[in-house]
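I opened the model to go through its side-chain pairings and a few local features. My notes follow in the order in which I looked things up.

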Amino acid sequence: YEPLLLENEREAVADLLTYLENRADTNFFEGDPLRALSTLAYSDNVDLQRSAALAFAEITEKDVREVDRETMEPIMYLLQSHDVEVQRAASAALGNLAVNTENKLLIVQMGGLEPLIRQMLSPNVEVQCNAVGCITNLATHDENKSKIAKSGALVPLTRLARSKDMRVQRNATGALLNMTHSDENRQQLVNAGAIPVLVSLLNSPDTDVQYYCTTALSNIAVDAMNRKKLASSETRLVQSLIGLMDSTSLKVQCQAALALRNLASDEKYQLEIVRSRGLPPLLRLLQSSFLPLILSSVACIRNISIHPLNESPIIDAGFLSPLIQLLAYEENEEIQCHAISTLRNLAASSERNKRAIVDAGAVERVRELVLSVPISVQSEMTACVAVLALSDELKPRLLKLNICQVLLPLTNSSSVEVQGNSAAAIGNLSSKVQDYTPFVKVWEQPAGGLHGYLQRFLDSTDKTFQHIAIWTIVQFLEGRDSQLFTNIKSSNTIVSAINRLAEYGVTPDGEEPLDDDDDSDEGEIVALARKTLAMLQR
């Protein structure tokens, strides 16, 4: 077609061939090489446009860098072409450049979304594949996500997720996943009809598609309204996700467990996962050596364990021993927190389950670890001990295991939550036990002992702390242990603090504004303090 070329086009072809022969030393994104490519791109000759588009696609496959508007403009122009070959190569070049962060923004700023959406609607699979691939890359930048959501791209993306061509399907589901990272975009995606498509593709034979759809649904399930929508329309969702926990792909297994974790924020799903036999695969993942699998499965079982009806099934399925082992998982604080939080949930409703947890060695493990673990884990561990200490049957066992030896130092923790949980555990242990010797032994030690702890809490400005301390003292006195009685009565600091609390709310002229039926913390503290003083007078 040489006779049909314009003079400048002929020169550009010759120059481009020379540059391509020396491509290793040529920067095609500026100067004469870019001018030669631009001349071909803006030509009316479709063959020259194809040559330019193919050259851009080939160059950007090997050389991705930040480019300016001058470099981007000829590619954008080629993107508007009605020729399928030009469209295919131009969108491939744009997709390559869209790997660079700055280029992602520039492409959208220069109006690249509109022609890409048109190309997604093309009957040509190659054009579809490249256009969707480019949008997938663009959607990884946070500033682009809402623009893509509002551009009309979600409906064609959702349609192409069902494509018979696996490359198109992968790119489309990848793009949909990239759009699930904000509330607003998730809502747009749901409105575009993406949920049934994503759920149906969980059964895809392709692990990448499985991964993209599982992760997208996991993100969608973060929102309570979306969980309701899923619950009403997608009856096979839980079963499909449970099946994917047995996938050959570790990342799919991991995302399936995370998706179930998010769904298990709701009661309905907590029960459904157990009924659908989700516990055996979760237990298998929990015992994996791969950290992400352990984390996703322990987070999931923690949410499932919130429902009282699930406590016994989880224990009977064999979770206690692995959960107790994970308490020492020092590599990841979150795993430790989820494991102990699950144990606390499992102990919540029945004596049988509390006993099973103690029998499995949970208290020994907590005693060994609690003083050295991070504060977030200490908080969960002390809360768990406080729940176990509610059992009258188990109190003597917990005291015999010297649990007070670690609880007392933690009443002086830098964390108010840890202080409160530790004190609550001691308070629960102090009520209705036959033998108060374990408390007598820790009166002065460790870390100031019971004496120091009670004194600190009585002197605290925190009403809850005052209440825990004075209530615990009442339990000790009602236990009628002579040594404890003597210890408390002979402590000037404790008696002085109790006197101060008993006078709380009394006006200078002796009037008492607190009513007898006052159910506030203050009213109860005053009543307990006065009761304590009366008991000490006997």
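Predicted model: local features only at pLDDT ≥ 70, side-chain atom pairs only at ≥ 80, totals over all residues.

Is Tyr-453 buried or exposed? Tyr-453 counts as buried, because its relative accessibility is 0%. I use buried for under 20% relative accessible area, exposed for over 50% and partly exposed for what falls in between, with a 1.4 Å probe and protein chains only.

Notes on the source. Residues are numbered from 1 along each chain as its sequence is written, and side-chain values use heavy atoms, with hydrogens and water left out.

Entry: aromatic rings. I searched for ring pairs and found seven aromatic pairs in the structure. Tyr-453 and Phe-457 make an edge-to-face pair, at 4.9 Å centre to centre with 70° between the planes. The criterion is that rings of Phe, Tyr and Trp (its six-membered ring) have centres within 6.5 Å; planes under 30 degrees apart are stacked, over 60 edge-to-face, and the rest tilted. Both residues belong to helix H31 (residues 449–459), where a spacing of four residues puts about one helical turn between them. Helices (H or I, at least four residues) and strands (E, at least two) are DSSP runs, numbered from the N terminus. Phe-457 is also buried, at a relative accessible area of 1%. I also noted a cluster in which ring pairs link Tyr-436, Phe-439 and Phe-476.

Entry: charges over rings. The charged end of Lys-251 sits over the ring of Tyr-211, 4.7 Å from the ring centre. For Lys-268 the ring is that of Tyr-269, and the charged end is 4.7 Å from its centre. The test requires NZ of Lys or CZ of Arg within 6 Å of the ring centre and within 35 degrees of the ring normal.

Entry: helix H6. I listed the buried residues of H6 (residues 101–109) and got Asn-103, Lys-104, Leu-105, Leu-106, Ile-107 and Val-108. Which helices cover them? The cover includes H4 (69–79), H5 (84–97), H7 (113–120), H8 (125–138) and H9 (142–150). At the start of H6, a side-chain oxygen of Asn-100 comes within 2.9 Å of the backbone nitrogen of Glu-102. Just after H6, Gly-111 has a positive phi of about 85°.

Entry: salt bridges. Side chains of opposite charge can pair when their charged atoms come close. The search of the whole structure returned 27 salt bridges, each being a side-chain nitrogen of Lys or Arg within 4 Å of a carboxyl oxygen of Asp or Glu.

Asp-142 and Lys-145 form one of them, at 4.0 Å from N to O. Both lie in helix H9, three residues apart, about one turn of the helix. Asp-142 is exposed at 62% relative accessible area, whereas Lys-145 is buried at 5%.

Arg-352 bridges to Asp-316, with the closest N and O atoms 2.6 Å apart. Arg-352 is in helix H24 (residues 351–359) and Asp-316 in helix H21 (residues 311–316), so this pair ties together parts 36 residues apart in sequence. Arg-352 is partly exposed at 39%, and Asp-316 is exposed at 53%.

H24 also holds Arg-355, while Glu-393 is in the loop between helix H26 (375–388) and helix H27 (395–400), so their pair ties together parts 38 residues apart in sequence. Glu-393 is partly exposed at 43%, and so is Arg-355 at 31%. Salt bridges with shared partners join Arg-170, Asp-206, Asp-208 and Lys-251 into one network.

Entry: Thr-493. This residue lies in helix H34 (residues 492–502) and is partly exposed, with a relative accessible area of 37%. What does Thr-493 touch, not counting residues up to four places away in sequence? Thr-493 touches His-451 and Gln-455, contact meaning heavy atoms within 4.5 Å. Asp-459 is 34 residues from Thr-493 in sequence and 9.3 Å away in space, C-alpha to C-alpha.

Methods. Polar contact = N/O pair within 3.5 Å; in protein donor to acceptor, adjacent residues only side chain to side chain.
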